[in-house]
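Thank you all for coming.

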Amino acid sequence: IEEKIAVLKKSNEKAARFVGKGGVAFRYKSNRLCDRHFCDGNNFRGDEDKCINQCPAIDLNQLTSVCQEKTPVVTIKRVCNLAALEKVVSGNEYKVVVMFKDPRAIAESRMKAFSTWSKDQIVSNMKWTCLDMVRSLNIAKSDPKWTENKILMVRAEDLAENEDRWMKNILNFTGLENTEVKKKESLQKIQSWRFGKSMSYDLIQRVQVVCKDLMALTDYKLV
């Protein structure tokens, strides 16, 4: 895996940032995961390049130990396999809020982030992203014991469209105060793939084909 990551970094440094060390995607966006506890005593908070290149892979047991002190809630924007959270939440009082988004909106974001990618690359990337999300949703639907009263799954579009209702649900679930939760994206921004010019109708159709199972599970409508 480390060799594959090295090859990816060499060919496309920006794309490599999606690959998280120790199974934590976008690790460099977290100040805590870039501080001395996880970077051999170095504090790389706010320094993405050093966090990516100099911090070792995260030990999930260490992550659990450190985060037990201050992190009652985990917000997840992308998870490759929900089962990976079992060791983190089992035996702890953590609450996990899993945010997921329309795959067509994700595809648009990937297009903007990786402007050199072809349509075929976008579609291939979305195929595997959607397969991962379906796997995680099916785990949640099977309702294993470790997820009981631990995980809340929320569509970003629902939160944006009816923020008061969903924020109340999230706050009741997590026990957080309203001032502790950041405002999410606007519905207009999330649905810009529908009204903007960045995604062609052909590309939208291709994403819908490779993500049809996810869209059926999450009740996203085809266009």
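A word on conventions before anything else. This is a predicted model, so local features need pLDDT of at least 70 and side-chain atom pairs count only at pLDDT 80 or more, while totals for chains, interfaces and linings use all residues. Residues are numbered from 1 along each chain as its sequence is written, and side-chain values use heavy atoms, with hydrogens and water left out.

Let us start with the chain as a whole. The chain has 13 helices and 3 strands, where helices (H or I, at least four residues) and strands (E, at least two) are DSSP runs, numbered from the N terminus. Of the 223 residues in the chain, 40% are buried; here buried means under 20% relative accessible area, exposed means over 50%, and partly exposed is what lies in between, with a 1.4 Å probe and protein chains only. The chain exposes about 13500 Å², and carbon and sulfur atoms supply 50% of that area, computed by the Shrake-Rupley method with a 1.4 Å probe, where for residues only the protein chains shown count as cover. If we take the contacts between residues at least 6 apart in sequence, 63% of them join residues at least 24 apart, a contact being heavy atoms within 4.5 Å.

How many disulfides does the structure hold? There are 3, a disulfide being a pair of cysteine sulfur atoms within 2.5 Å. With bonded cysteines counted along the chain, they follow the pattern 1-3, 2-4, 5-6.

Cys34 is joined to Cys51, with an S to S distance of 2.0 Å, and with -80° about the S-S bond this link is left-handed. The pair links distant parts of the chain, since Cys34 is in the loop between H2 and H3 while Cys51 is in helix H3, 17 residues apart. Cys34 counts as buried because its relative accessibility is 2%, and Cys51 counts as buried because its value is 1%.

Cys39 is joined to Cys55, at an S to S distance of 1.9 Å. The torsion about the S-S bond of Cys39 and Cys55 is about 95°, so this disulfide is right-handed. Cys39 lies in the loop between H2 and H3 and Cys55 in the loop between H3 and helix H4 (60–67), so the pair ties together parts that are 16 residues apart in sequence. Both Cys39 and Cys55 are buried.

Cys130 is joined to Cys211, with 2.0 Å from S to S, and its 80° about the S-S bond makes the link right-handed. Here too the pair links distant parts of the chain, with Cys130 in helix H7 and Cys211 in the loop between H12 and H13, 81 residues apart. Cys130, at 2% relative accessibility, counts as buried, and so does Cys211, at 1%.

In helix H12, which spans residues 201–210, the buried residues are Leu203, Ile204, Val207 and Gln208. Seen down the axis of H12, these fall within an arc of 140° and so line one face of the helix, the arc being that of the directions from the helix axis to the C-beta atoms. Tyr201 and Val209, on the other side of H12, are exposed. What do the buried residues of H12 pack against? They pack against helix H6 (103–113), H7, helix H11 (192–195) and helix H13 (212–218).

Helix H6 has a buried set that includes Pro103, Ala105 and Ile106, and also Arg104, Glu108 and Arg110. The buried residues of H6 pack against H7, helix H10 (187–190), H11, H12 and H13.

Asp40 has a positive phi of about 55° although it is not a glycine, and its place is in the loop between helix H2 (13–16) and helix H3 (48–54). Asp40 is exposed, at 62% relative accessible area. Asp143, also not a glycine, has a positive phi near 55° and lies in the loop between helix H7 (119–142) and strand E3 (151–155). Asp143 counts as exposed at 53% relative accessibility.
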